[in-house]
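Dear colleague,

Please find below the structure that I am handing over to you. My notes on the backbone follow it.

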Amino acid sequence: MSSPYTQASCVACNEQALIPFGARLGYTYYECRACGTIQLYPLPTWEELSQTYDEQYGHAGHIQDGPGDRNDAAVRQYQDLADLLLAYGIRERVLDCGCGWGGLLEIFQKNQIKAEGFDVVTEMVSHCQKQGLNVHFGALETLSAEQPFKATVFSCVFEHLVTHESYLQQCHRLLAPGGLLISLQPTARFPKWVAMAARLGRRSRPLPELHHTFSPPWHTALFSLKGMRTLVERHGFRLKEIRLPEQQRDTGPMRLAQESLALLNQIGWPIFKERWPLSPCHTFIFEKIE
């Protein structure tokens with residue numbers, strides 16, 4: 001009998017332990033049996049995605065359609081990130097990586113945190129600039145490290161990347177010694193559990209969307225906690241802590257489900273910490289050490 005494993009390496013731990021997890025919209029997600037990360041295989045290239053992002057992402061249905069709805073839904077997450085920076089004593093030289101419609105930058109402004117951002121979607125960058133936000137269009141590689149940043153922040157961005165190692169190398173280049181790499185992102189354990197339950201344990205059945213969680217080609221990888229730590233620490237960072245972030249709040253019936261899950265998480269996380277299985281997202285805080 002042939003092995004179900006591919007010869008490809010996991011994007012997180014580099015082990016050749018990928019096994020099919022499920023298909024959606026013509027794409028297939030694979031699970032790494034070594035670290036638990038779930039990823040598209042094959043991963044799309046940046047060349048394949050770049051034009052699609054610029055032309056479609058803002059209105060593709062993956063996120064709330066328009067800056068007002070998107071920023072309102074995520075405002076609790078944004079404030080949570082601002083509070084995190086303030087708790088670490090960071091009030092300036094912050095880079096919002098993939099700033100979207102600028103909601104996080106606006107919250108930083110309200111909290112007197114001096115920050116700038118960049119994005120690859122022309123419409124989003126234009127919107128931010130019209131709001132008076134300091135936002136650049138283009139790749140992370142184009143930014144200067146002449147004045148190093150104290151923190152780089154990824155807010156629901158890391159799961160979209162296809163060149164993870166390049167981004168980590170660039171963050172390392174741009175950060176001052178001891179600077180923080182902060183990433184709030186959906187992780188693998190909770191959606192895996194829900195997807196398996198919804199399919200009655202049958203991986204051959206199509207994956208449910210799960211409120212845009214399994215959303216190809218936009219979501220390329222849902223990292224496990226182990227996989228995220230393994231990947232980032234290979235690039236000159238040390239994990240400081242993993243936090244339970246605030247959840248988004250949508251409208252309608254979904255809001256009730258989000259409120260209920262948030263309440264469960266507030267009870268379970270303080271007791272079980274990283275072993276708690278019901279958090280859809282985690283916030284990782286890494287420190288530059290080299």
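This is a predicted model: local features need pLDDT of at least 70, side-chain atom pairs count only at pLDDT 80 or more; totals for chains, interfaces and linings use all residues.

Residues are numbered from 1 along each chain as its sequence is written, and side-chain values use heavy atoms, with hydrogens and water left out.

As background, most peptide bonds are trans, and most residues other than glycine have a negative phi.

Cis peptide bonds. Y41 and P42 are joined by a cis peptide bond, with omega about -5 degrees. P42 is placed in the loop that runs between strand β3 (38-40) and helix α1 (46-56). Here helices (H or I, at least four residues) and strands (E, at least two) are DSSP runs, numbered from the N terminus. A cis bond also leads from P216 to P217, and its omega is near 0 degrees. P217 belongs to the loop between α6 (189-198) and β9 (221-222).

Positive phi values. H211 counts as partly exposed because its relative accessibility is 34%; buried means under 20% relative accessible area, exposed over 50%, and partly exposed in between (1.4 Å probe, protein chains only). N14, likewise a residue other than glycine, has a positive phi near 70 degrees. N14 sits in the segment before β1 (18-24), and at 42% relative accessibility N14 is partly exposed.

With kind regards
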